[in-house]
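This report describes the contacts of aromatic rings in one protein model. Please view the sequence and structure below before reading on.

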Amino acid sequence: MTEPAAEHILIAYATTDGHTQRICERLKQVMEGLGRQVTVVLLSDASALDLRGFGRVLIGASIRYGHHQPIVAEFINQHQALLESRPSAFFSVNIVARKPNKNTPETNPYCRKFLKSISWQPRLKAVFAGKLDYPSYGFVDRQMIRLIMLINKGPTDPKAVLEFTDWARVEAFGREFCALTA
């Protein structure tokens, strides 16, 4: 059996439009700055790795139309014993988190619903506001997201590109994750 390298961190993520990957890359910079070795990989590729070789595991996932991609729960369920055997954490990325009263795991409806749907309870969790990039969406997604934003009193300009991510919070989360004890 491979002994986990305490300082080797796996960041596995699922993204729809790429912003979650950007958050993972920022987390990697923070963690490497603290002397950790970090591997960032799509969740769809993570199971091909020898996960026992990682001393810590961080899972990040974006929301689209109110749900995380199915692969997120599938990965967690498949590797729950490993996740529970070492410091592990989860973060969700969604536009609703742009609102101050919906930007924590306890107040964000999507994160709460997801965490209730799985049996793994991460030791550390976070919610980050994402990015709204209307020009990059296909016609149907652009119209659906505009409708959702209209209902929720959000931005609806089809030319808008708005990043809501609080990068200082992302960096603080990376430091906090590295500080978790075994």
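## A buried phenylalanine and the basis of the model

Phe-173 is buried, because its relative accessible area is 4%; buried means under 20% relative accessible area, with exposed over 50% and partly exposed in between (1.4 Å probe, protein chains only).

The model is predicted: local features need pLDDT of at least 70, side-chain atom pairs count only at pLDDT 80 or more, and totals for chains, interfaces and linings use all residues. Residues are numbered from 1 along each chain as its sequence is written, and side-chain values use heavy atoms, with hydrogens and water left out.

## Aromatic pairs

The structure holds five aromatic pairs. Rings of Phe, Tyr and Trp (its six-membered ring) pair if their centres lie within 6.5 Å; planes under 30 degrees apart count as stacked, over 60 as edge-to-face and the rest as tilted.

One of these pairs, Phe-91 with Phe-128, is tilted, at 5.5 Å centre to centre and 55 degrees between the planes. Phe-91 belongs to strand β5 (residues 88-94) and Phe-128 to strand β6 (residues 124-129), so the pair ties together parts 37 residues apart in sequence. Strands (E, at least two residues) and helices (H or I, at least four) are DSSP runs, numbered from the N terminus.

Phe-91 is buried at a relative accessible area of 0%, and Phe-128 is buried at 3%. The rings of Phe-91 and Phe-173 form an edge-to-face pair, because their centres are 6.2 Å apart and their planes at 75 degrees. This pair joins strand β5 to helix α7 (residues 167-179), 82 residues apart.
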